[in-house]
Amino acid sequence: MTIHNFYDSDTTDQIAKKMLGTLLTYDSPNGLVGGRIVETEAYMGERDSAAHAFNGKRTASNEPLYGPPGTIYIYSIHGRYLLDVATQAKDVPQGVLIRAIQPTIGQEIMYHNRPKHGVELTNGPGKLMGALGIEDKLMNFQIIGDDKLKIDIDNRLEPRQIKTSGRIGVSKGDWTDKPLRYYVSHNPYVSGLTKAEVNIAHFGWK
DNA sequence: ACACGGATATTCT
DNA sequence: GAATATCCGTGTA
């Protein structure tokens with residue numbers, strides 16, 4: 001199965017949900033790193049008041065959102081770099097923000113890239129990029145899976161339960177509270193998860 | 001020049 | 001947990 005089949009004939013919110021449990025990997029200069037995606041958010045394009053392409057806004061920096069499905073869209077905010085993947089046909093600026101991963105590959109390298117303890121390694125969109133060692137926008141416009149940065153959708157882990165909520169950190173607007181954030185219930189690497197919600201025995205996987 | 005954001009770290013109750 | 005402090009690229013002027 002190629003990455004392209006994954007996007008075919010699905011709405012962006014469905015794609016965001018289906019990305020949970022897939023494996024994000026990066027063939028970094030220091031070695032292979034990566035982990036299971038445990039938290040995503042869908043951004044629904046021109047009509048979505050929280051989206052970068054709201055009202056058709058199109059600039060040099062959000063141009064990758066307008067690319068074909070699988071186009072990598074890295075952007076900076078508050079001095080961090082965040083990872084988005086465009087999900088729809090060319091010129092349809094919808095995408096999924098990858099907000100957290102459970103590290104499974106090259107953890108020593110990631111702890112070196114980002115010297116924090118436990119879940120602090122990757123429990124946020126800027127944190128996971130720091131851990132992977134991606135601190136620039138050089139991969140913008142690449143198609144995910146074509147080069148160093150990949151999402152492996154085979155052997156996807158099945159979440160026991162997927163929860164939804166409003167999206168984090170978006171400014172007030174009509175779409176602020178729409179349930180377009182998806183996460184693997186009980187997984188400790190989900191951002192902002194309370195201790196009581198974590199299950200250390202199964203991490204939320206079937 | 002300048003204000004601000006799809007965030008994170010620190011410093012308190 | 002809740003209130004700051006700080007991050008720096010980007011858009012607008």
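A backbone N or O atom of His 78 lies 3.4 Å from a base oxygen of DNA strand C. That is a polar contact, meaning a pair of N or O atoms within 3.5 Å; within protein, one must be able to donate a hydrogen and the other to accept it, and residues adjacent in sequence count only if both atoms are side-chain atoms.

Some ground rules. This is a predicted model, where local features need pLDDT of at least 70, side-chain atom pairs count only at pLDDT 80 or more, and totals for chains, interfaces and linings use all residues. Residues are numbered from 1 along each chain as its sequence is written, chains are lettered from A and ligands numbered from 1 in the order in which they are written, and side-chain values use heavy atoms, with hydrogens and water left out.

Thr 59, Ser 61, Ser 76, His 78, Gly 79, Tyr 81 and Lys 137 surround DNA strand C. Near means that a heavy atom of the residue lies within 4 Å of the strand. What share of the DNA strand C atoms within 4 Å of the protein belongs to sugar or phosphate? It is 88%, and the rest belong to bases. The Ser 61 side chain has an N or O atom 3.2 Å from a phosphate oxygen of DNA strand C. Ser 76 places a polar side-chain atom 3.1 Å from a sugar or linking oxygen of DNA strand C. By class, the surface near DNA strand C has one nonpolar, five polar and one charged residue. For the classes, Ala, Val, Leu, Ile, Met, Phe, Trp, Tyr, Cys and Pro are nonpolar, Asp, Glu, Lys and Arg are charged, and the others, Gly among them, are polar.

DNA strand B is surrounded by 21 residues, the closest being His 52, Asp 84, Leu 97, Arg 114 and Gly 126. Of its atoms within 4 Å of the protein, 50% belong to sugar or phosphate and the rest to bases. His 78 is here too: one of its polar backbone atoms is 3.2 Å from a base nitrogen of DNA strand B. Asp 84 has a polar side-chain atom 2.2 Å from a base nitrogen of DNA strand B. The Arg 99 side chain has an N or O atom 3.3 Å from a phosphate oxygen of DNA strand B. The surface near DNA strand B divides into nine nonpolar, five polar and seven charged residues.

Last, charges over rings. The test is NZ of Lys or CZ of Arg within 6 Å of the ring centre and within 35 degrees of the ring normal. Which ring does the charged end of Arg 58 sit over? The ring of Tyr 66, at 4.1 Å from its centre. Arg 167 has its charged end over the ring of Tyr 43, 4.6 Å from the centre.
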